[in-house]
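Subject: A structure for you to look at

Hi,

Here is the structure I promised to pass on to you. Please open it next to this email and follow along as you read.

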Amino acid sequence: HRLAPSVDEQLATYKRFLLTFGDHPVTFRLFDAGGDKTLAFLPGAAEPRGIARLRAHPAVLASQLAALSELPRARVRILVPFVESPLDLDLSDAPFPVGAMIESAAGVRAADAIAARAAFISIGTNDLTASLTARSRDQLTIKDALAPAVRDAIAAIVTAAHHHGREVSICGEAATLPEAIDLFLSLGVDALSVSPLRFPDVARYLTSK
C-alpha cells in the first residue's frame, strides 16, 4: 500500500492481536523502515532508519499512536525501532510503557542513557550484527552472530539495562540458534523473541537445558 493505513484500519488490526493473545500483554513495534526494510508510505533513501524515518513522516507516526492509544493501557507496550539516543523515545502522546530497540553501534554507545529512559530494551541482532561485522543482513551466518564484537555489544547493552532495572530481550534470527541462545543466556538476557514457527523448537531447546 502506498497510503498509510488509517487509524480505524490500524485499530481493527491491533484489536485482533489482543484477542489472539488473550490476557497476555502485547508489544507493538512502531512502523519500521529504512535500509532494506521498505514501506511505501514511508519513502526515502536507505537512511534515516527506524524512528528517525518515522519522525520524517509525522502524520504517519501520529496516526499510529492515535490507534494504539485506543487500546487497553494495561495490555500494551510500544517498541521504538532503531533507537540511537534517549531523545528517540520522546513520544509525549504515548500512554504506554515505551521500550527501545537497540540495533546499531551508535545505540550501543548510548545504551546506558537509553536504558535510563526506556521502560524495557530489545536487541535487534540482525541489524546489530550486520553493523558490527560490515556484512549485509542477508549474508549473516552463525559465526557472525557469535563474533566477539557482537558478544561485547550485547554484554554492554545487558549491563546497562540491568543497571537501570530494565528487562532486555533478544530479537532476530540468532534467537533461534542453539549456539547463540547459549551465548545470550550466559550474558544474562531475560527473554528471546522468535517467530511463531520457530517457537516450539526454541521452547524445547530451553526446557532441555
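This is a predicted model: local features need pLDDT of at least 70, side-chain atom pairs count only at pLDDT 80 or more; totals for chains, interfaces and linings use all residues.

Residues are numbered from 1 along each chain as its sequence is written, and side-chain values use heavy atoms, with hydrogens and water left out.

Helices (H or I, at least four residues) and strands (E, at least two) are DSSP runs, numbered from the N terminus. Two strands pair if DSSP finds at least two bridges between them; β5 and β6 do so in the parallel sense over 3 bridges. If you look there, you will see C171 opposite S193 in β6.

Contact here means heavy atoms within 4.5 Å.

**The core**

Nonpolar side chains tend to be buried together in soluble globular proteins. The largest nonpolar core of this model has 54 residues, and I154 and I157 are among those with the most contacts inside it. Such a core is a set of buried Ala, Val, Leu, Ile, Met, Phe, Trp, Tyr and Cys residues joined through side-chain atoms within 4.5 Å. Buried means under 20% relative accessible area, exposed over 50%, and partly exposed in between (1.4 Å probe, protein chains only). Helix α8 gives the most to the core, with 7 residues. Not counting residues up to four places away in sequence, I157 touches I102, V108, A111, I121, I123, L128 and V168.

In helix α6 (residues 125–133), the residues T125, N126, D127, L128, T129 and A130 are buried. They pack against α4 (105–109), β4, α7 (142–145), α8, β5 and α9.

**A buried threonine**

T176 lies in the loop between β5 (168–171) and α9 (178–187). It is buried, with a relative accessible area of 9%. What does the side chain of T176 reach? It reaches the backbone oxygen of E173 at 2.8 Å. Leaving aside neighbours within four places in sequence, T176 is in contact with I181, V194, R198 and V202.

Most residues other than glycine have a negative phi, and most peptide bonds are trans. F82 and A134 are worth a look: F82 is not a glycine, yet has a positive phi of about 55°, and A134, also not a glycine, has a positive phi of about 55°. Are they buried or exposed? F82, in the loop between β2 (76–80) and β3, is buried at 12% relative accessible area. A134, in the loop between α6 and α7, counts as exposed at 74% relative accessibility.

Finally, a cis peptide bond joins E47 and P48, with omega about 0°. P48 sits in the loop between β1 and α2 (50–55).

Enjoy exploring!

Technical notes:
A polar contact is a pair of N or O atoms within 3.5 Å; within protein, one must be able to donate a hydrogen and the other to accept it, and residues adjacent in sequence count only if both atoms are side-chain atoms.
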